[in-house]
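The sequence and the model are shown first, and a description follows.

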Amino acid sequence: TNEDLANAIEDEIGVKYSSDRKRLLKAPEEIAGNYIIKNGTQVICNGAFANCVNLTTLTIPNGLAIIGDAAFCMCDNLSSFSIPKGMTNIGNWTFLYCERLSFVNIPDSIVSIGDGAFFGCSSLTSVKLPECIMRIGDSAFCGCKNLSSVNIPDAVVSIGDYAFRNCQLDEKYKAQFKSRFGDKIL
């Protein structure tokens with residue numbers, strides 16, 4: 001909120017944290033290279049790193065529990081990301097148009113991937129989903145034009161519309177997806 005930002009504590013490069021230092025509120029769009037998130041941070045707020053086009057990597061502390069919606073959208077140079085162990089959800093539009101994102105480590109604790117979470121991540125070529133994942137949202141991987149392989153674990157009960165539209169999935173994956181979830185996911 002505006003009140004949170006008004007009372008924020010800034011680090012040495014202008015990244016704003018809540019006064020209790022548990023929430024990373026907003027990073028300046030000029031941030032570049034690797035950024036080390038402060039120990040004790042539990043939440044990366046909605047849109048916190050949005051449009052940080054020169055951000056390439058992040059170092060994330062243990063204990064991070066929540067990554068908000070659109071937290072990293074349009075981080076054009078973010079190339080890899082490890083979602084912390086213990087998190088259960090990847091929010092909506094989290095990595096929207098992170099075009100150079102080629103590797104994402106998704107831990108076994110994740111049970112849900114939000115709508116458009118990886119929309120337009122054109123450098124993703126494969127994704128290994130954890131065995132306990134149950135939900136993949138609408139357009140979750142839509143526009144990942146180089147995505148050719150992805151496993152769909154048996155635990156998945158819901159895949160949203162167009163979750164894999166405009167992907168270059170191998171025909172064996174397309175056939176498997178259609179038989180389990182219908183044409184609307186492609």
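Of the 53 residues in the largest nonpolar core, which touch the most other members? In this predicted model, they are Phe49, Phe72, Phe118, Phe141 and Phe164. Strand S6 (54-59) and helix H2 (171-181) each supply at least two residues of this core. Apart from this core lies another, of 6 residues, including Ala50, Ala70, Leu96 and Cys142. In soluble globular proteins, nonpolar side chains tend to be buried together.

The surroundings of Phe72 can be given in detail. When neighbours within four places in sequence are set aside, Phe72 is in contact with residues including Ile44, Phe49, Leu58, Ile67 and Cys98.

The cysteines form a separate topic. The structure holds 0 disulfides. Cys75 is in no disulfide, and the sulfur of Cys142 is too far from the closest cysteine sulfur for a bond.

An open sheet is formed by 5 strands in the order S1-S2-S3-S5-S7, with mixed pairing. Strand S1 (9-10) and strand S7 (66-67) stand at the edges and each has a single partner strand, so one side of each is left without a neighbour in the sheet. S1 pairs with strand S2 (residues 16-17) in the antiparallel sense, over 2 bridges. Opposite Glu10 stands Lys16 in S2.

Conventions
Residues numbered from 1 in each chain as written. Predicted model: local features only at pLDDT ≥ 70, side-chain atom pairs only at ≥ 80, totals over all residues. Heavy atoms only, no water. Pairing = 2+ DSSP bridges. Helix = DSSP H or I, 4+ residues; strand = E, 2+ residues; numbered from the N terminus. Disulfide = S-S within 2.5 Å. Core = buried A, V, L, I, M, F, W, Y, C linked by side-chain atoms within 4.5 Å. Buried < 20%, exposed > 50% of the residue type's maximum accessible area, 1.4 Å probe, protein only. Contact = heavy atoms within 4.5 Å.
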